[in-house]
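Welcome! Please take a moment to look over the sequence and the structure before reading on.

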Amino acid sequence: MDEYYSSTLTGWREWVSLPGIGVPWIKAKIDTGAQTSALHAGNITPFERDNEAWVRFTVHPWQQGELDEVEVELPVHDRRTVRSSSGHTQDRLVVLMDLGLVGRVVPVEVTLTDREEMVFRMLIGREALKQGYVVDSGASFLGGRPAAKIRKRNRGIA
């Protein structure tokens with residue numbers, strides 16, 4: 001059976017990684033209502049490199065505080081208008097990155113947005129999940145949790 005069609009079980013929230021950009025842990029909500037995954041990004045600055053569209057942004061992986069921020073530069077994959085659950089639309093840049101979710105690493109499209117007021121710094125949408133994931137809405141952290149020291153950093157405790 002092709003790995004793409006596996007049935008990897010995931011909970012409604014998971015600790016995930018973004019290995020290609022140096023983010024070993026970020027807490028994410030699995031959101032089957034969202035088509036594309038979304039990442040909390042700050043200082044989103046589009047620029048050109050070799051006549052191609054790129055974007056520079058910072059990732060703040062923790063829900064509380066600015067510890068361990070990562071500055072990232074990636075090619076712009078697309079631009080999309082995204083409608084929130086409240087009906088508001090927002091134009092967003094889309095980048096491609098690898099997502100570590102429940103023991104597997106898959107390529108995903110990710111929109112960059114300000115999620116400062118949201119509980120989760122990342123949403124994992126259907127486009128990522130259709131790569132062989134099944135969601136157990138009653139489960140959490142099926143892919144495991146980081147050490148307590150890392151979880152404390154997520155709460156703003158150094």
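The report below starts with the whole protein and then turns to a few residues.

## The overall picture

Please keep in mind that this is a predicted model. The protein has 11 strands and two helices. Read from the N terminus, its elements follow the order β-β-β-β-β-β-β-β-β-β-α-β-α.

The protein counts 158 residues, and 45% of them are buried.

## A buried lysine

Let us step into strand β3, which covers residues 23-30 and holds Lys-27. Lys-27 is buried, yet it has no salt bridge. Its nearest side chain of opposite charge belongs to Glu-14, which is 11 Å away. A salt bridge would need a side-chain nitrogen of Lys or Arg within 4 Å of a carboxyl oxygen of Asp or Glu.

Which residues does Lys-27 touch, leaving aside its neighbours within four places in sequence? Its contacts are Glu-14, Trp-15, Gln-63, Phe-120, Arg-121, Met-122, Phe-141 and Asn-154. One of these, Phe-141, comes back in the next section.

## Two residues with positive phi

Phe-141 is in contact with Lys-27 and sits in the loop that links β11 (133-136) to α2 (148-154). Although Phe-141 is not a glycine, its phi is positive, at about 55 degrees. Is this residue buried or exposed? Phe-141 has a relative accessible area of 9%, so it counts as buried, the cut-off being under 20%.

Asn-51 is another residue other than glycine with a positive phi, in this case near 65 degrees. You can find Asn-51 in the loop between β4 (37-49) and β5 (52-59). Asn-51 counts as exposed because its relative accessibility is 72%, and exposed means over 50%.

With a relative accessible area of 39%, Leu-142 is partly exposed, whereas Phe-141 is buried. The value for Leu-142 falls between the cut-offs of 20% and 50%.

Technical notes. Residues are numbered from 1 along each chain as its sequence is written. This is a predicted model: local features need pLDDT of at least 70, side-chain atom pairs count only at pLDDT 80 or more; totals for chains, interfaces and linings use all residues. Side-chain values use heavy atoms; hydrogens and water are left out. Helices (H or I, at least four residues) and strands (E, at least two) are DSSP runs, numbered from the N terminus. Buried means under 20% relative accessible area, exposed over 50%, partly exposed in between (1.4 Å probe, protein chains only). Lys and Arg count as positive and Asp and Glu as negative; His and the chain ends are not counted. Contact means heavy atoms within 4.5 Å.
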